[in-house]
Structure formats: structure tokens, C-alpha cells
Amino acid sequence: AACSPSQREQTVKSTFGGLNAARDGFIVWDAEYQKNVVDHATSYELGKASLAEYRAQRAIVVNALAVAYRAIAGAAIERDDASVAAAIAAAAEFYRAVEQLTGRPARGP
């Protein structure tokens, strides 16, 4: 179904706000998780390897966030239903990536 200009604008704003809140929550979780990895490493080498493994998985979340922000920017510029749908889908992909990495739903702090 097509959205009116005001509905599209509100959807883009809501998607942007939700994405920012989820990003902020992820940043807090991420810092705590990385600190925990370091604190519980039994050796420098193990800590380094564990962080490298985690950061490879974390890159999926970081990339999904970048895609979502670009999609929201596109929706704000294009002002059409397809770009809004793409922004919502990209934000949803970020939320899924966060949940897959953390085991928790994506939300603000």
C-alpha cells in the first residue's frame, strides 16, 4: 500500500530513531562484551584470538548498521514508498544481526 508523504516522513523518522536506540544499546553491550573477553582471557594470545574471532562476527552487525543508515538517507532523499520499504528492511536486518550476535533483541540502552 502506498504511503502519503507525511506517513513516509514519519516512518523514516521512526525507523531512524529506532535504529539509533538499537545502535546505542549495541555499543554499550559491545564494550561490556569485549571487556569481558579481555578480563577472562587466560593468556595474551587467547585474548587476542578471542577478540579477533568476536570482531569478525561483529563486523556483520557494523556493516548492517551502515547499510541501514544509507537506506534511511536514501528514503529521506527519494521520498518514495520503495525507498522507505528498503530502509525498513535494512533496519530489520541490523536488528536480526544484533540479535544473532548477542542473543538478545536489539533495543536502546
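Which side chains meet in a salt bridge at 2.7 Å, N to O? I went looking, and they are those of Arg23 and Asp24. For the record, a salt bridge here is a side-chain nitrogen of Lys or Arg within 4 Å of a carboxyl oxygen of Asp or Glu.

**Ground rules.** I am working with a predicted model, where local features need pLDDT of at least 70, side-chain atom pairs count only at pLDDT 80 or more, and totals for chains, interfaces and linings use all residues. Residues are numbered from 1 along each chain as its sequence is written, and side-chain values use heavy atoms, with hydrogens and water left out.

**Confidence.** I checked pLDDT, the predictor's confidence in each residue from 0 to 100. The chain averages 93, and 94% of the residues score at least 70. Helix H2 (residues 44-78) has the highest mean, 97, while H1 has the lowest, 94. Helices here are DSSP runs (H or I, at least four residues), numbered from the N terminus.

**Salt bridges.** I noted a count of six. Back at the opening pair, Arg23 is partly exposed at 24% relative accessibility, and Asp24 is partly exposed too, at 31%. My scale: buried is under 20% relative accessible area, exposed is over 50%, and partly exposed is in between (1.4 Å probe, protein chains only). Next I looked up Asp39 and Lys35, whose closest N and O atoms are 2.6 Å apart. These two are separated by about one helical turn because they sit four residues apart in helix H1. Lys35 is exposed at 52%, whereas Asp39 is partly exposed at 47%. Lys13 and Glu9 make another bridge, at 3.3 Å.

**Gln34.** Buried or exposed? I found Gln34 buried, at 13% relative accessibility. Gln34 belongs to helix H1 (residues 5-40). Its side chain makes a polar contact with the side chain of Arg55 at 2.6 Å. A polar contact is a pair of N or O atoms within 3.5 Å; within protein, one must be able to donate a hydrogen and the other to accept it, and residues adjacent in sequence count only if both atoms are side-chain atoms.

**Core.** I then turned to the largest nonpolar core, which has 21 residues; Leu19, Phe26, Val61, Phe94 and Leu101 touch the most other members. H1, H2 and H3 each supply at least two residues of this core. Such a core is a set of buried Ala, Val, Leu, Ile, Met, Phe, Trp, Tyr and Cys residues joined through side-chain atoms within 4.5 Å.

**Arg79.** Last entry: Arg79 lies in the loop between H2 and helix H3 (81-102), and its phi is near 55 degrees, a positive value in a residue other than glycine.
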